[in-house]
Number of protein chains: 2
Amino acid sequence: MIPLFLRPMHAVTNYLKKNQTRFIRELCEYLKFPSVSAQSEHRADMVACANWLVAHCNGLGLETRLCPTAGHPVVVAKTPRSAAGTDRPRFLVYGHYDVQPPEPFELWQSPPFEPRLVGRSLFARGATDNKGQHLAHLKAVEAYLKTGTELPCDITFVIEGEEEVGSKSLAAFLKKHRKELQCEAIIISDTGMPSPKHPALTYALRGIAAFEIILRGPSRDLHSGIFGGTVDNPAMALCQLLAKLRDANGRVAIPGFYDDVEPLSAYERKQFKRLPFAARQYRDFLGVAKLFGERGYTPIEQRSARPTFEINGLTSGYQGEGSKTIIPAWARAKITARLVPNQTPARISNLVVRHLKRLCPPSVHLEVTTGHGAVPYLVSPKNSQAQAAVRALREAFGFEPVLMREGGSIPIVNEFKQILGADSLMLGLALPDDNAHSPNEKFDLGCFEKGQLMSAYLWRELGGVRRKA
Amino acid sequence: MIPLFLRPMHAVTNYLKKNQTRFIRELCEYLKFPSVSAQSEHRADMVACANWLVAHCNGLGLETRLCPTAGHPVVVAKTPRSAAGTDRPRFLVYGHYDVQPPEPFELWQSPPFEPRLVGRSLFARGATDNKGQHLAHLKAVEAYLKTGTELPCDITFVIEGEEEVGSKSLAAFLKKHRKELQCEAIIISDTGMPSPKHPALTYALRGIAAFEIILRGPSRDLHSGIFGGTVDNPAMALCQLLAKLRDANGRVAIPGFYDDVEPLSAYERKQFKRLPFAARQYRDFLGVAKLFGERGYTPIEQRSARPTFEINGLTSGYQGEGSKTIIPAWARAKITARLVPNQTPARISNLVVRHLKRLCPPSVHLEVTTGHGAVPYLVSPKNSQAQAAVRALREAFGFEPVLMREGGSIPIVNEFKQILGADSLMLGLALPDDNAHSPNEKFDLGCFEKGQLMSAYLWRELGGVRRKA
């Protein structure tokens with residue numbers, strides 16, 4: 001006997017259970033569009049894919065329209081106004097219908113745009129990134145609408161077509177529709193979960209600050225026999241400069257670098273411990289004999305919750321075959337620092353530039369330029385929205401969810417925060433072996449179905465939650 | 001009244017003085033051949049040039065022949081056997097009739113193979129490097145032969161056609177004709193002198209040892225957001241490794257590196273002080289704000305008589321425009337150490353490899369390969385041949401000669417030593433502004449004429465000198 005207050009949910013979950021076969025068929029239809037945003041020969045496919053999505057959303061009962069941008073159009077689909085009024089909280093679901101280029105074709109075991117089911121894995125380009133993931137949310141909303149179950153919140157889907165090419169038009173789109181898109185939070189299923197037994201909420205992202213350092217020595221490459229010994233070697237000077245910026249314990253050795261870093265709470269560190277991590281497998285996967293990172297932190301903390309200072313490239317002098325006996329005229333390093341809350345690219349840039357100037361010897365000339373930056377992102381995993389998401393994940397997957405930080409940056413999250421003033425809840429459905437951006441991309445049908453359930457529960461859980469004004 | 005024992009020399013020097021105009025005309029003829037050994041379209045010009053040289057030497061009374069090699073032929077020209085017997089010491093004069101490519105043409109003020117006289121400067125490709133310099137020696141011998149003055153020694157000219165492309169065939173040629181080419185010493189005028197007032201004997205060359213260091217980290221470039229913090233960065237590891245190999249005083253910080261270095265004698269250091277050196281001009285010429293070198297040595301000593309450890313090139317990760325957020329899979333440095341007597345490439349290689357292995361952290365994998373090597377060269381400036389050369393320089397130029405070390409390597413000097421067992425006396429006639437290897441190469445006619453005189457005196461001075469058995 002089902003308690004009365006659970007009845008409507010039962011209708012929704014029942015609907016989902018009964019319609020999985022059709023949902024898979026629809027996902028396959030969706031996956032057949034080679035919606036490769038990066039390749040201009042797929043422009044018509046992009047349009048066809050967006051049109052399919054519009055038709056599909058309309059069919060679910062969503063008020064749907066195609067919004068042109070300077071690039072590929074954005075699909076906006078909204079749940080119909082509640083008969084009861086307009087006081088429901090509004091959430092935004094973000095997704096993208098464009099996909100990565102499928103090349104190299106020869107590494108695919110079946111054609112990337114001919115979806116193929118093997119066991120519970122659906123292989124196709126875009127399966128996990130991101131068509132399968134946002135379709136799960138659409139199916140959950142369909143279940144509410146088709147069963148006549150009152151949705152506890154208003155939902156607006158924003159599904160763009162340029163995520164794989166840097167979401168170039170999204171900021172302008174958000175600014176233009178800022179009023180219409182006001183919301184309590186943004187729901188994004190475009191990240192990962194560690195395993196089917198570890199449903200995950202990603203609540204923080206690292207930021208970034210980019211630099212380019214050039215040390216200039218003589219006005220041209222010099223003959224190392226004739227002049228070697230009398231002038232500093234810019235390549236050696238660069239090595240000696242950079243060597244001082246990280247200590248033997250893996251700590252960044254720039255004064256003040258850690259000043260703004262919010263210490264990890266005991267709660268977070270406890271959560272990280274619950275994440276599955278096998279050091280040997282991880283080492284093998286990366287191809288290193290030994291891991292190396294900041295002492296005092298676990299690899300999971302090191303790669304997601306601690307800042308780094310990484311040399312991305314070195315260039316100096318002769319790089320061809322054999323040797324060339326020169327003192328190079330200059331040496332260059334490209335560097336990106338990964339930042340964590342509450343570091344900012346501006347402050348870190350200042351610290352780096354100041355320290356480099358202090359360290360640089362007078363025998364070479366220093367040029368530092370700062371490149372792109374992104375602030376780190378953090379939403380407290382203890383806030384009411386995050387906890388609502390955790391409950392939905394737990395109920396849908398049947399396992400205790402893990403709370404994760406992501407080591408990379410997701411620029412759109414910062415844009416949502418900046419333009420709409422709302423936080424993002426990242427509820428990724430991708431498994432580590434889903435091959436996003438690689439040949440033989442797949443989506444796990446278990447994740448697809450549980451993702452629909454999670455979404456269905458999420459609206460119920462979020463229905464009573466509003467962000468603080 | 002000229003003393004009797006000076007009379008024959010007077011005839012020689014008189015002959016030289018009287019024939020300068022013709023000599024210059026002959027040098028111009030010689031310079032008109034575009035004998036560019038590096039460029040196959042000049043193959044016929046190479047042959048024509050060699051044939052001109054053979055004819056010219058025959059005309060002087062030398063027994064001359066063209067010796068084929070795997071590459072361009074070698075011209076061998078010998079003074080005729082003395083009527084008095086065969087007990088005269090034999091010396092070898094080395095030169096090369098090939099020249100550097102003249103490109104870029106647009107930077108020449110007149111065509112490179114149309115010799116042009118401006119004041120006392122004769123502009124043409126090959127003027128100073130090396131046609132003018134060995135022609136001076138030929139003219140001195142011509143003066144002896146044409147005036148019927150008994151030459152105090154037998155002289156064999158070896159004038160090759162591949163110096164500018166690495167003297168590839170010379171070793172084989174020397175081995176094949178080892179017996180015929182036995183000599184007391186080799187005379188080479190293919191180096192420089194600091195100024196017209198500083199005739200120079202170069203008595204030492206630095207050697208070289210080449211290395212390539214690769215540090216390997218992950219099996220591929222890694223996403224610095226997803227993985228950054230958990231694995232060592234090979235570019236950073238390389239910087240930290242290389243940074244330890246030179247100290248703040250400009251000393252190479254590899255244990256044992258200086259063990260074999262023969263300390264500079266007070267005599268040598270006194271000689272170096274006599275060399276003209278203007279720090280500000282030198283700085284300006286190199287385009288550096290500050291000189292930097294091993295503490296305790298003058299720039300002249302640093303660049304010619306002290307060893308170095310020079311990074312010639314750095315390569316790692318992303319080198320294009322903007323930034324790429326990766327941990328590079330590997331980082332590479334190309335290095336050459338300049339060696340001084342009595343360092344050897346083999347021993348230095350061992351020290352470098354051993355030290356790198358000791359320093360390299362377990363988080364990266366080290367690969368070191370050793371490249372080409374050349375032993376340093378030194379002939380005592382106090383030995384009787386060197387002192388004979390100093391006397392000849394002094395008498396010809398009218399200034400006290402300077403004793404120099406050269407910072408670069410001249411591989412043929414090592415080959416002469418190794419194959420013929422003889423030392424080389426380097427009596428360079430090139431001035432610092434002669435633009436060897438550059439557009440607007442020139443030769444100073446004062447150096448041409450004084451070079452002839454020097455050569456004439458040299459045979460007299462060397463006539464009584466034999467190397468120790």
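How many residues does the contact take from chain B and from chain A? The contact takes 68 residues from chain B and 68 residues from chain A. The model is a predicted one.

**The contact between the chains**

Of the interface residues of chain B, 100% are also interface residues in chain A, so the copies meet through the same surface. On the side of chain B that touches chain A, the residues divide into 26 nonpolar, 31 polar and 11 charged. The element that gives the most to the side of chain B touching chain A is β11(B), with nine residues.

Strand β11 also takes part in pairing across the two chains. Residues 308-317 of chain A form strand β11, which pairs with β11(B) in the antiparallel sense. This pairing runs over five bridges. Within it, A:Gly313 stands opposite B:Gly317 of β11(B).

**How the copies are related**

Two copies of a chain are related by a rotation about an axis and a shift along it. Here, chain B is superposed on chain A by a rotation of 180° with 0.1 Å of shift along its axis, at an RMSD of 0.1 Å. The two copies are therefore related as by a two-fold rotation axis. Which residue of chain B has the C-alpha nearest the axis? That residue is B:Cys239, with its C-alpha 2.1 Å from the axis.

**A sheet in chain B**

Chain B has an open sheet of three strands in the order β4-β5-β18, with antiparallel pairing. Its edge strands are β4 (116-118) and β18 (442-444), each of which pairs on one side only. From one strand to the next, the twist averages 25°.

Strand β5 of chain B, residues 121-123, pairs with β18(B) in the antiparallel sense over three bridges. In this pair, B:Ser121 stands opposite B:Asp444 of β18(B). Lying across β5 and β18 of chain B is helix α4 (residues 127-146) of chain B, which runs at about 40° to β18(B).

| Strand | Partner | Bridges |
|---|---|---|
| β11 of chain A (residues 308-317) | β11(B) | five bridges |
| β5 of chain B (residues 121-123) | β18(B) | three bridges |

Definitions and conventions:
Residues are numbered from 1 along each chain as its sequence is written. Chains are lettered from A and ligands numbered from 1 in the order in which they are written. This is a predicted model: local features need pLDDT of at least 70, side-chain atom pairs count only at pLDDT 80 or more; totals for chains, interfaces and linings use all residues. Two strands pair if DSSP finds at least two bridges between them. Helices (H or I, at least four residues) and strands (E, at least two) are DSSP runs, numbered from the N terminus. Axes are lines fitted to C-alpha atoms, for helices over the stretch in contact, and angles run from 0 to 180 degrees between N-to-C directions. Two residues are in contact if their C-beta atoms, placed from the backbone, lie within 7 Å. Copies are superposed by least squares on the C-alpha atoms of residues with pLDDT of at least 70 in both. Ala, Val, Leu, Ile, Met, Phe, Trp, Tyr, Cys and Pro count as nonpolar, Asp, Glu, Lys and Arg as charged, and the others, Gly among them, as polar.
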